[in-house]
Amino acid sequence: MSAWDTLDERLRPTVQASTDEYARVRPGLEAVTAEMEANLRAVFADSPVKPLFVASRTKTVESFRDKASRMLPPEHPGELPSLLFPDPLRNLTDLVGLRIIMTLPHEVDEAANLIKRQRAEFDCRGDREKDIGSIESGTYGYSSRHLILRTIQNETVRKFHKLLDPDQRPNGSYLFEVQIRTVLAHAWSEIEHDIRFKAGDPRAWSPYFDRQFTATAAMLETVETAFAELHERYETVTGFWDEEGQGSAPLTPNRIRDIWMTLLPHVNRKSGDDWGWAAEMLAAHGMKTTMDLAGLLQAEAITKVRAALDHRYSPGPDRLLDDLLLWRFGKEHIDLTAEPEDAPVKPRRESLGRRYRLMQLYRAREADQGQ
């Protein structure tokens with residue numbers, strides 16, 4: 001049931017007059033909407049911040065009438081209730097609405113900040129987070145960033161003002177709303193809106209729906225967090241190959257630990273352990289930068305090393321790093337890191353020698369299969 005259906009009969013003429021006026025000027029407002037969408041698309045065109053899509057809408061006449069029908073209860077019993085928006089054509093800031101859909105949560109903030117910096121075009125008059133569930137339905141749900149922007153000396157707005165009131169001096173200033181949210185928040189909101197607000201009969205609603213929407217919102221938030229972590233890890237790993245940036249960072253023990261925990265978190269050891277042994281072993285082969293270690297810890301090499309040695313258990317970082325260096329450098333690794341050949345006791349040299357022979361046999365088998 002809409003607000004218009006429950007509107008006090010004494011207020012209906014006022015609301016209907018506003019609705020008729022809105023229907024008359026709405027074509028001019030559609031032009032403002034199109035202009036705002038074009039302007040925001042231009043903001044993102046030359047920016048590294050790229051929305052999945054930008055959409056806009058001008059509030060329908062029916063929706064305008066429903067919102068204009070919202071009432072405030074009377075202060076005293078028997079008195080006439082008042083309208084929440086006594087002059088809806090000027091009180092409502094969502095007659096023109098734009099929606100900007102981003103991929104990940106951090107991009108929502110980037111998009112909002114980029115828009116707010118366009119001070120020659122817009123003046124930001126409001127910026128807040130709205131929890132979609134709490135605001136619209138009284139339940140937990142997804143969040144959305146809402147900006148209220150005011151145009152500055154916009155010619156299309158001036159034309160709309162002349163249409164709205166020919167006697168008014170047009171100043172090109174108009175308030176409109178921009179919603180910025182992630183694609184998962186957008187999907188949740190759209191589905192929830194279709195089921196909750198487009199239901200033909202409110203009596204068909206069940207508390208079970210509220211519980212399910214809360215549960216799906218929580219699950220989607222978990223998925224969104226996982227995607228954000230994946231993106232952050234991807235950005236970090238990509239940086240390992242930047243010769244002019246992180247890729248050139250020296251391999252201190254702490255740096256080695258951080259790289260290892262990023263690339264091979266499943267091959268773990270206590271974070272407080274001393275990784276100086278790894279720095280020494282890598283330095284023996286002249287490997288001193290982040291890029292050197294990232295190049296060594298490649299998945300294909302790790303898979304082949306494990307297959308060649310037929311590990312009966314998952315090796316720790318010290319054993320796996322030792323095996324990867326042996327795989328790449330062969331006998332050179334043995335000579336650089338093991339006991340001298342003439343040492344009376346040489347357990348490391350013998351262990352490395354056995355593993356090296358297994359690697360050579362594996363490579364020979366691979367070569368035969370490739371012929």
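## Strand β7 and its partners

In this predicted model, Arg-145 stands opposite Ile-180 in β7, and the two strands concerned, β6 and β7, pair in the antiparallel sense over six bridges. β7 also pairs with β4, here in the parallel sense and again over six bridges; within that pairing, Arg-181 of β7 is the bridge partner of Ile-101.

Seven of the eight residues of β7 are buried, so that the strand is mostly covered, where buried means under 20% relative accessible area.

## The largest nonpolar core

The largest nonpolar core holds 40 residues, and the members that touch the most others are Ile-100, Ile-115, Tyr-174, Phe-176, Val-178 and Ile-180. Two or more residues come from each of the helices α1 (12–45), α2 (61–68), α4 (105–116) and α6 (155–164), and likewise from each of the strands β4 (96–102), β6 (143–151) and β7 (175–182). Of these elements, α1 supplies the largest share, with nine residues.

## Surroundings of Phe-176

Phe-176, one of the core members that touch the most others, has contacts that reach well along the sequence: when residues up to four places away are not counted, Phe-176 touches Met-36, Thr-93, Val-96, Leu-98 and Phe-122, together with Leu-147, Ile-148, Leu-149 and Thr-151.

Notes:
Residues are numbered from 1 along each chain as its sequence is written. This is a predicted model: local features need pLDDT of at least 70, side-chain atom pairs count only at pLDDT 80 or more; totals for chains, interfaces and linings use all residues. Side-chain values use heavy atoms; hydrogens and water are left out. A nonpolar core is a set of buried Ala, Val, Leu, Ile, Met, Phe, Trp, Tyr and Cys residues joined through side-chain atoms within 4.5 Å. Buried means under 20% relative accessible area, exposed over 50%, partly exposed in between (1.4 Å probe, protein chains only). Helices (H or I, at least four residues) and strands (E, at least two) are DSSP runs, numbered from the N terminus. Contact means heavy atoms within 4.5 Å. Two strands pair if DSSP finds at least two bridges between them.
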